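Subject: Structure for your review

Dear colleague,

Kindly look through it before reading the notes that come after it.

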Amino acid sequence: MFKKSNRSSKSIWAGIASLSLLLGGVVSTSSYAASTLTIPATDPDTTIKVLSFMNKADIQTVLDAFAKEHPTIKVDFQTVPFNDLQPTVDARVSSKSADLDVYWADQPRVSALAARGTALDITSAFSKYRSTFDASPWASGLYNGKLYALPIANSTQMLFYNVDLLKKAGITPPSASISDRMTWEDLVVDAKKAVDSGAKYGLLFHQFDRYYQLEALPVSKGGGIGAQGKGNLIPNVANKGWIDALTWYGKLFKNKISPRGMTPEQVEPAFLAGQAAYMVGGPWFLPGLNLSKLNWGVAPHPYFKGGKAATANGSWSLAINPYSKNQEASAIFLKFMAIDGGSGYIKYRNDPELAATPEAKKLYFAKDVFATPQGKQAATIIDYETSKTGVGRVQTVGYIEFETIMNAAFSDIRNGADPGKVLREASNKLRKAWAIYK
Amino acid sequence: MEGIVLTVHSGIKESSKRRRHFLAKKTEYFWALTFLLPTLLALIVLRITPMISAIYSSFFIAYPGGIRPAIFSGLENYRTVLSDSDFIATVERTFLFNLVINPLQISLSLLVSVLMVQRIRFEGLWRTLIFIPVLIPIVGSSITWQAILQPDGPFNSLLVTLGLKPQLFLNSPQQSLQSITLIASWIGIGYWMMFLIAGLRSVPSEIYEAAEIDRAGPIRVFFKITLPLIKRQLLFVLVADIVANFVLFAPIQLLTAGGPESSTTLLIFDAYRTTYGYGSRNLGATKVVILSIIMICFVALQFSFLREKKVKEIE
């Protein structure tokens with residue numbers, strides 16, 4: 001009997017031991033204090049750890065310029081995959097580790113980062129630079145009237161097309177003029193024609209199933225940005241505008257105008273390989289297009305008939321770990337990247353990236369990529385969209401849950417699920433996930 | 001007198017023998033502990049401590065992110081997750097997945113193992129081919145399978161060539177979990193096969209010879225001799241496979257992210273997403289504790305099965 005119970009207790013402990021590797025919750029019991037950050041007149045002699053999703057090679061010229069201007073501040077630049085950035089920041093900051101100083105912060109996540117205590121209050125050091133930035137990128141760094149992140153870039157979306165595939169299908173290419181903006185309804189008709197004439201894909205979205213790019217669809221239909229109420233904590237994704245816009249999205253795949261299963265990483269190569277008639281994408285695609293042999297054109301981002309023109313915007317900001325021991329050196333790095341010379345990040349990067357400050361926008365539009373005829377058209381479109389039609393992603397402390405749940409919903413609609421049902425379920429999931437913030 | 005001296009003498013001898021024995025035992029324990037220490041420490045640091053920490057943290061409610069202070073809330077987190085219909089659906093899905101994948105993997109592994117111990121040509125080559133998927137990192141094989149199962153990928157091209165309809169596989173809520181089962185089994189079958197082959201090889205050949213003399217057919221031999229004699233290995237494989245499949249994570253995270261329509265949201269992925277995706281560590285810990293309880297029940301069941309059989313055998 002004894003042996004029996006001993007053995008069964010042994011087996012339970014063996015089970016516990018073999019499973020417990022999975023477990024790792026740690027409870028925090030202390031809170032963090034607000035910062036009174038300043039930018040020192042002389043540079044400290046130190047090394048700062050910077051975490052990003054970017055490859056070091058893509059930003060090396062910027063880091064070299066920083067090293068030249070601030071030789072005593074060394075930068076230990078670390079890269080993690082795009083999807084791992086947030087969990088890595090969470091893990092390092094929540095353990096109150098000083099092993100991270102500066103990190104790349106997705107602009108719509110700043111409210112969540114600030115509320116969670118993951119980003120340092122940098123108001124005291126940077127509020128005086130308010131007028132340096134465009135209004136929308138600056139606002140993305142604010143939470144409860146305080147500044148938690150400094151924008152280093154902005155973005156927009158436009159319509160690229162393959163001239164040869166359109167010609168083959170007898171389609172008149174869309175106009176590059178803002179006043180002749182195409183409707184989604186007309187675009188689908190042309191895209192179908194292109195598929196019927198041999199194009200593998202009619203229309204590609206660079207970021208299929210991502211709220212960043214798809215938000216413009218329900219906004220154009222009058223459905224709003226996805227949440228409302230105090231702190232944007234009441235889901236608003238199951239209204240008529242959202243259902244209509246996402247029904248249109250679902251039909252793209254049902255009617256074989258757009259492919260199921262294609263990941264964002266596969267979209268640009270497919271367009272460059274001449275497989276798609278149209279592609280909605282960002283200005284970061286321009287250098288690749290210029291280098292390719294593709295006969296391409298550019299037009300403004302379409303809108304829904306009877307709706308309003310809306311385009312995605314926003315990009316990345318830099319935030320400081322509240323537990324960093326190098327906060328002043330980090331502030332110097334932030335100032336260099338976002339402010340000095342218009343923006344060190346924009347000024348010294350080889351690949352052009354849309355700036356968050358008017359001064360750096362001038363640097364941006366002076367890059368070679370805008371010297372070609374299509375490049376000039378793209379520059380006019382980018383300038384207009386960023387100032388007139390850009391719609392920021394919803395600012396809420398519950399953004400991280402919002403993005404995860406909505407991206408899954410977009411994916412389900414793409415795979416053929418009923419948009420109304422999926423959006424109502426997503427709304428319920430959001431309500432449950434956001435209960436903790438109320 | 002002489003007798004007393006002898007008794008005393010032998011008493012001294014006995015006690016010094018006992019002392020020597022005790023010292024030898026002590027030294028043996030010392031060395032055993034020394035050699036076991038790294039493993040014990042690893043167990044404590046990597047397994048026992050996080051387990052206790054997770055159980056502890058599941059009794060608190062905290063703002064996501066893990067920085068702001070947590071508040072003791074008793075069983076509130078358990079009430080929250082157990083009253084969530086999505087979580088209950090996830091638990092049911094996890095059960096169903098395990099009810100299908102484990103018997104499937106084990107029976108196929110067993111079938112392949114039995115084949116591999118027959119006298120066949122190029123036995124080593126076949127065995128290597130079946131084992132190769134185990135050697136490929138799961139991230140690499142998952143991504144390869146994703147490419148194979150794409151709607152316009154090679155598998156569908158093959159189906160079309162054979163005159164069949166192309167399928168959605170990972171993009172269909174009806175086929176996604178089966179596709180994950182296929183990928184996991186492609187790896188698992190070769191792995192578990194190795195343990196079962198070792199078991200099959202340890203069965204004495206005289207028993208089979210005796211069965212042959214008694215004119216037992218191959219099916220009878222398999223069920224009456226092979227299966228009972230490799231029960232230990234089979235039970236190990238059963239337990240280890242169940243544990244592995246309850247925590248199957250990489251293909252789901254890489255290929256479906258729990259979709260489409262939550263069809264591949266299994267408990268471990270849900271716990272991961274809650275903890276690291278949403279930053280709700282306490283709620284994530286609660287889900288992992290529930291998962292662990294379910295797994296412990298499964299494992300305990302297997303162990304009790306092993307024990308009962310042993311008692312029967314002795315009888």
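The notes below describe a strand, a residue and a pair of domains.

This is a predicted model, in which local features need pLDDT of at least 70 and side-chain atom pairs count only at pLDDT 80 or more, while totals for chains, interfaces and linings use all residues. Residues are numbered from 1 along each chain as its sequence is written, and chains are lettered from A and ligands numbered from 1 in the order in which they are written.

In chain A, strand β11 covers residues 276–281. Strands (E, at least two residues) and helices (H or I, at least four) are DSSP runs, numbered from the N terminus. Because 6 of its 6 residues are buried, β11(A) is largely enclosed by the rest of the structure. A residue is buried if 20 or more other C-beta atoms, placed from the backbone, lie within 10 Å of its own.

Two strands pair if DSSP finds at least two bridges between them. Strand β7 (residues 158–162) of chain A runs antiparallel to β11(A), with 4 bridges, and Leu159(A) stands opposite Val280(A). Strand β8 (residues 201–205) of chain A is parallel to β11(A), also over 4 bridges; here Tyr201(A) faces Ala276(A).

Gln86(A) belongs to helix α3 (residues 85–94) of chain A. Gln86(A) counts as buried because it has 24 C-beta neighbours inside 10 Å.

Chain B is divided into domain 1 (2–57) and domain 2 (83–314), with bounds from an automatic or database domain assignment. Their C-alpha centres lie 41 Å apart.

Yours sincerely

Terms used. Buried ≥ 20, exposed ≤ 12 C-beta atoms within 10 Å, placed from the backbone.
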